[in-house]
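This report goes through a structure of two chains in plain terms.

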Amino acid sequence: MLGRSLREVSAALKQGQITPTELCQKCLSLIKKTKFLNAYITVSEEVALKQAEESEKRYKTGQSLGDLDGIPIAVKDNFSTSGIETTCASNMLKGYIPPYNATVVQKLLDQGALLMGKTNLDEFAMGSGSTDGVFGPVKNPWSYSKQYREKRKQNPHSENEDSDWLITGGSSGGSAAAVSAFTCYAALGSDTGGSTRNPAAHCGLVGFKPSYGLVSRHGLIPLVNSMDVPGILTRCVDDAAIVLGALAGPDPRDSTTVHEPINKPFMLPSLADVSKLCIGIPKEYLVPELSSEVQSLWSKAADLFESEGAKVIEVSLPHTSYSIVCYHVLCTSEVASNMARFDGLQYGHRCDIDVSTEAMYAATRREGFNDVVRGRILSGNFFLLKENYENYFVKAQKVRRLIANDFVNAFNSGVDVLLTPTTLSEAVPYLEFIKEDNRTRSAQDDIFTQAVNMAGLPAVSIPVALSNQGLPIGLQFIGRAFCDQQLLTVAKWFEKQVQFPVIQLQELMDDCSAVLENEKLASVSLKQ
Amino acid sequence: MAFLMHFQNYASQGASRHSEAESPDQDPGVTMAAPMLRWGCRGRRWAFARVDGGSCHRRGAPTGSTSNRIRGESSVAQQPLHTAQKTRKGEHKWAAVVGLEIHAQISSNSKLFSGSQVRFSAPPNSLVSFFDASLPGTLPVLNRRCVEAAVMTGLALNCHINKKSLFDRKHYFYADLPAGYQITQQRLPIAVNGSLIYGVCAGKKQSQVIPKTVRIKQIQLEQDSGKSLHDNLRSQTLIDLNRAGVGLLEVVLEPDMSCGEEAATAVRELQLILQALGTSQANMAEGQLRVDANISVHHPGEPLGVRTEVKNLNSIRFLAKAIDYEIQRQINELENGGEILNETRSFHHKLGCTMSMRDKEGKQDYRFMPEPNLPPLVLYDATSLPAGADPQQVINIDQIRETLPELPSVTREKLVQQYGMLLEHSFTLLNEVGLLEFFQNVIKETRAEPKKVTSWVLNTFLGYLKQQNLAVSESPVTPSALAELLDLLDSRTISSSAAKQVFEELWKREGKTPGQIVSEKQLELMQDQGALEQLCHSVMEAHPQVVMDVKNRNPRAINKLIGLVRKATQSRADPVMIKEILEKKLSL
């Protein structure tokens, strides 16, 4: 049951094959078994069981709320959840229990979904590995998959296998690991520069970033307000569409959501034929750092569309190479501003120093934020200084406009969706990953995903195949603004063609003791 | 991507109570009642001599009455000149330049970007929404009412209303600014390039009103901050966020003023306009209207001097005092070879002086940034209104223009035309809170001439109020009572001196009507001609010497006789009538 898709398990609930409480308990037990993945910061067991009980009552009286009723979901720990600690994986918010639900959380709960817990991330979502949070790094479930382990056995050079675990990507790595390890059927991530799509690609999931303005940000603790969107992580495209159907729509609490009526629910037709489609391949995305495996899969995917009758053309997004540096200025500037509220006065961490208000601010913020956050605050404030504003912030805004226009031009030339890689390569081992600092990693890893956020477009990463090492590789589709449904329809067709293999975590699921052993080893290796 | 602006409904969106900080109910600094300035005509004594020895306004050429003609002219040319007290002949004269930044709290049910209520003197931290406390993840939602108030105010102040305006974040760390930034309109405010016309007194008796114009640079919408209460004894600061996020209109007045009186009068006029519009209660004592003044002095024809900013001006009277003090301080400083620092100064009302605040080490950089959570604020007019637009989601400038209430200048004009009163009387009627309404109610109920009513209201009634330092609303005399009294006077039932007596009785609040007082005290005029003639006869007989004097053409003698007769009637006879009888009897 746990291996099924959301749609399938929803059908099973409706048919009475399983009750919400049973489903919830199964997921909770798996969460415990996979605790060593560090996917969850908070497991809201009591809340979930109570919600399951209520859902069960509804099913019994035939008053089910719909596809999501009784479905276990997880939420990234940067969404405000009423009565449930919300930390952003930061000392600054440890112990902070919000009094309200983010709109997207509320919408899921209103549809009867069961909230299993809050998932791990990089502190304040600043990172691309889910390695830089105060609760420690998230481990990629694929590290423990049969597919990966078998390949590794063939490799005589592999060292201690438990210290060689892989990162999930990030920053929504906890959400990705949670869905990938079958502890829930869908999870909310957030996506500012690729934070949902990147871990989805590394964890073999569908990672969907909706159009900016389609889904409310109210209650999403911001990284970059003008780029943040709630993201959706699921095991298949149809599941993402179900969740999107529950989330999309204007929110009076978020003035940047659009008013246009939305075609709901997001039912995705099964495309029989792609001959009317035009797929654009942005030539600037063929970068030297791209691994040959990803490049080859990308090109195979293009061939697949072409062979099925679609028009595949090369397009140019000429300002792509400026995207990372432009993002750096805009992101850090907004970060500097958004983080100003964390002063220890109203909520969150407060230091013991009380010599003066200023000294208290300084110590609180030094203790509360990690180096990455402090570094971004510092550079952001530099860019916003009166003497620098024109040279940095204003210029970056202009470049952002150029980048957004690149996409507009591509779509105006007749392209329906763009096809690109999601990441440069498959997931790397943690020990490998931390050889570079957060900033370098983010710059490398966001390269294909982050321009989309500048333009506010919808994009989805679809798992395509396993690499030679037995690890998932994803490709990204980018759609026109507010053509989310069209984008997902194309993605669904593609998903059906590629038949991505299911992660084989049999040992994890069946053999509890093996897992526990792993956990010990893993925690030992961490402390070294 | 084009976004329509969502406007927050007036309903509260779950206001919460955060009571981390316990603090007294009110900021001690704002409970003080601020005495009102009476349109700048009071005989204040200036700390510095005036060039022409008279009003500091005489020199400034009266500006065109209602146009914006003044804009673009050199403001320097219009500055009255000041001299330092000790200036000897032949030395340079000084001119002062005063500009104002005025923050008016918008009168609205809920805050600028949140649904929590706006109320003065509510228990601390009882009007705080999640957004006001800057809980992570909360977003601003613009309050439609605040936008309408800004548009109304802009239109009333002859501003150009920007069809598109933007919101910015202004960053600084302060305990009562929970987000670490204030949302304001730095780059593109909602209204620009307006003007405010106010009247200052001139003439020998300060009885002439001369219209003056001050240009309005801009009006911007912004958030108010919370309040910090510093407890120095326990060395702690208590924060009250009730005010945090309340909508403010920042009105920036160009440095077209030249003394405290001008600034005070301009602020009073703005206050009246805001109150007439209902866009702000503009009560300075409650902090709904806060004024910062930028002041510099220079020699006419030379570049402007270094300016200081004076804050903490919480009454119009202190505003005038502080500005005049600061002008004089700068002149003295410069005359003594000193230097003016570009600094912020605070006015101490008890000491009557300004003092450097020295609170900002170095220059503050506010690191302005566009507010990313609010799309541009787009306003429409009749021509640009999109067809089929949801009226709840759009604001139509033309529609607001049509519904603007009568402004004080029009009210005054009407008073002058309708009742034939002097312009300065109309100023007094409007400047005194509630006086105009009182006046109009008396007019409605009495048969007496408007001029009579004006005179009684402005002299007798207002005189009594002032003497006892009462507001119109605290008056013991109701409009109906005064109207009845004036009717008695008008019908010659009582004499004017009896009327004064009745008024004094009314003031004692004994609940008697003027009619009752008149009959109890037997104040009616003697209407019986025969009896009066008889009385005159007896008086004449009793005072032959006075009668002789009259006959000998002593002009004062007749008055003495009249007085004697009045005395005999216990002042109940009309002196005019007595005079007629006496003259007849004496065959004058």
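B:Glu326, B:Arg329, B:Glu343 and B:Arg345 are linked in a network of salt bridges. A salt bridge here is a side-chain nitrogen of Lys or Arg within 4 Å of a carboxyl oxygen of Asp or Glu. Side chains of opposite charge can pair when their charged atoms come close.

The model is a predicted one, in which local features need pLDDT of at least 70, side-chain atom pairs count only at pLDDT 80 or more, and totals for chains, interfaces and linings use all residues. Residues are numbered from 1 along each chain as its sequence is written, chains are lettered from A and ligands numbered from 1 in the order in which they are written, and side-chain values use heavy atoms, with hydrogens and water left out.

**Salt bridges**

Over all chains, the structure holds 38 salt bridges. Three of them are listed here.

| A:Glu56 | A:Lys60 | 4.0 Å |

A:Glu56 and A:Lys60 sit 4 residues apart, about one turn, in helix H3 (residues 45-60) of chain A. Helices (H or I, at least four residues) and strands (E, at least two) are DSSP runs, numbered from the N terminus. A:Glu56 is buried, with a relative accessible area of 17%, while A:Lys60 is exposed at 69%. Buried means under 20% relative accessible area, exposed over 50%, and partly exposed in between (1.4 Å probe, protein chains only).

A:Arg217 lies in the loop between strand E5 (206-209) and strand E6 (229-234) of chain A, and A:Asp254 in the loop between helix H8 (237-247) and strand E7 (278-282), so this pair ties together parts that are 37 residues apart in sequence. Both A:Arg217 and A:Asp254 are buried.

In chain B, B:Asp132 and B:Lys111 are both buried.

**The interface**

In chain A, 48 residues are in contact (heavy atoms within 4.5 Å) with 36 residues of chain B. The buried area, meaning the accessible area (1.4 Å probe) that two parts lose on being put together, summed over both, is about 3,600 Å², and carbon and sulfur atoms give 57% of that. On the chain A side, A:Ser255, A:Arg341 and A:Gln346 lose the most area to chain B, together 20% of what that side buries.

What it does find is 17 residue pairs in polar contact, both at pLDDT 80 or more. A polar contact is a pair of N or O atoms within 3.5 Å; within protein, one must be able to donate a hydrogen and the other to accept it, and residues adjacent in sequence count only if both atoms are side-chain atoms.

**Nonpolar cores**

A nonpolar core is a set of buried Ala, Val, Leu, Ile, Met, Phe, Trp, Tyr and Cys residues joined through side-chain atoms within 4.5 Å. The largest has 177 residues, and A:Met116, A:Phe124, A:Phe305, A:Phe407, A:Leu419 and A:Phe477 have the most contacts inside it. H13(A) gives the largest share of this core, 9 residues. A second, separate core has 74 residues, including B:Phe167 and B:Leu270.

**A buried threonine**

A:Thr196 lies in the loop between strand E4 (186-191) and helix H7 (197-203) of chain A. Its relative accessibility is 0%, so A:Thr196 counts as buried. A polar atom of the A:Thr196 side chain lies 3.0 Å from the backbone oxygen of A:Ser190.
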